[in-house]
Amino acid sequence: MEMVPHHGRETAYDVVDRGGDGPPICCVHGSGGSRDVWAGQRPLADAHPIVTIDLSGHGDSDNIDASAGYSTLSAYADDVLAVVEATDSEVLVGNSLGGAVVLQILIEREFNPEAAVLTGTGARLGVLEDLLAWLKSDFERAVEFLHGPDRLFHDPNPELRERSMERMYDTGQAVTRRDFLTCHEFDVRDRIDSIDIPTLAVYGEYDQLTPPWFHEYLADEIDGAGIAEIEDAAHLAMVEQPAAFNGVVEEFLAGIARDRNRDWY
């Protein structure tokens with residue numbers, strides 16, 4: 001684990017580098033998560049250094065004193081950009097809330113990565129009112145609901161589900177609720193067409209939290225964006241089907257490299 005200081009706090013991150021010469025990839029987790037949700041993406045490090053980050057208040061990163069919504073989203077964007085600068089990351093991958101953070105950076109900040117992958121996310125991320133109520137008054141019920149069939153996972157093995165629940169309990173009720181409230185306020189549908197970098201939307205076949213049509217919208221509204229389905233997976237497709245997820249990311253980035261080489265010649 002490494003730490004980068006910025007804005008009066010420290011953000012934790014890991015780097016897995018196996019000597020590949022592809023551009024470094026920075027992966028951003030979703031609500032109630034942490035950097036270890038990307039453990040299944042370590043094989044990508046054969047070609048690209050893989051950077052995984054703990055957003056403020058998650059994992060080993062310092063927390064922030066920020067209200068849910070735009071203030072929190074902006075702070076999370078600062079976290080990502082601090083790690084990007086420290087690691088020379090050139091590709092952003094965001095899941096769920098992490099996808100919202102990536103979209104926020106692409107739309108509002110000056111950083112222009114080589115490419116972005118958006119998975120289990122959308123241009124708007126409204127949250128069920130019942131879930132918001134449980135996150136406030138019955139955290140155990142909220143965690144159980146999220147780990148029901150076709151939400152975070154389609155059909156996970158018990159150990160995978162248990163690890164995910166433990167991760168959310170480690171993050172805690174206050175930060176997890178702040179994350180979901182931030183998602184609930186997120187809406188960039190009127191600005192999504194300003195994104196002009198190569199983008200891939202990746203969805204789990206059975207995802208009920210951010211259904212396939214959320215990703216179809218991203219692919220339609222972002223010029224030249226691609227879309228890919230991960231079979232037998234739900235919201236955390238990169239966890240449930242890591243090999244399939246890594247395969248579509250590798251193919252996407254290889255296509256960008258081929259296009260760049262054609263343009264150079």
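Which residues of helix 6 are buried?

## Helix 6

Buried here means under 20% relative accessible area with a 1.4 Å probe, protein chains only, with exposed over 50% and partly exposed in between. The buried residues of helix 6 are Val175, Thr176, Arg178, Asp179, Phe180, Thr182 and Cys183. Helices are DSSP runs of H or I with at least four residues, numbered from the N terminus.

The buried residues of helix 6 pack against helix 1, helix 2, helix 3, helix 4 and helix 5.

## Basis of the model

This is a predicted model, in which local features need pLDDT of at least 70, side-chain atom pairs count only at pLDDT 80 or more, and totals for chains, interfaces and linings use all residues. Residues are numbered from 1 along each chain as its sequence is written, and side-chain values use heavy atoms, with hydrogens and water left out.

## Nonpolar core

A nonpolar core is a set of buried Ala, Val, Leu, Ile, Met, Phe, Trp, Tyr and Cys residues joined through side-chain atoms within 4.5 Å. The largest one holds 84 residues, and Val80 and Leu131 have the most contacts inside it. Helix 1 (residues 70–87) provides the largest share of this core, nine residues.

Leu131 touches Ala142, Phe145, Leu146 and Phe180, leaving aside residues up to four places away in sequence; contact means heavy atoms within 4.5 Å.

## Lining of the largest pocket

By class, this lining has 15 nonpolar, twelve polar and one charged residues. Ala, Val, Leu, Ile, Met, Phe, Trp, Tyr, Cys and Pro count as nonpolar, Asp, Glu, Lys and Arg as charged, and the others, Gly among them, as polar.

How values were computed:
Helix = DSSP H or I, 4+ residues; strand = E, 2+ residues; numbered from the N terminus.
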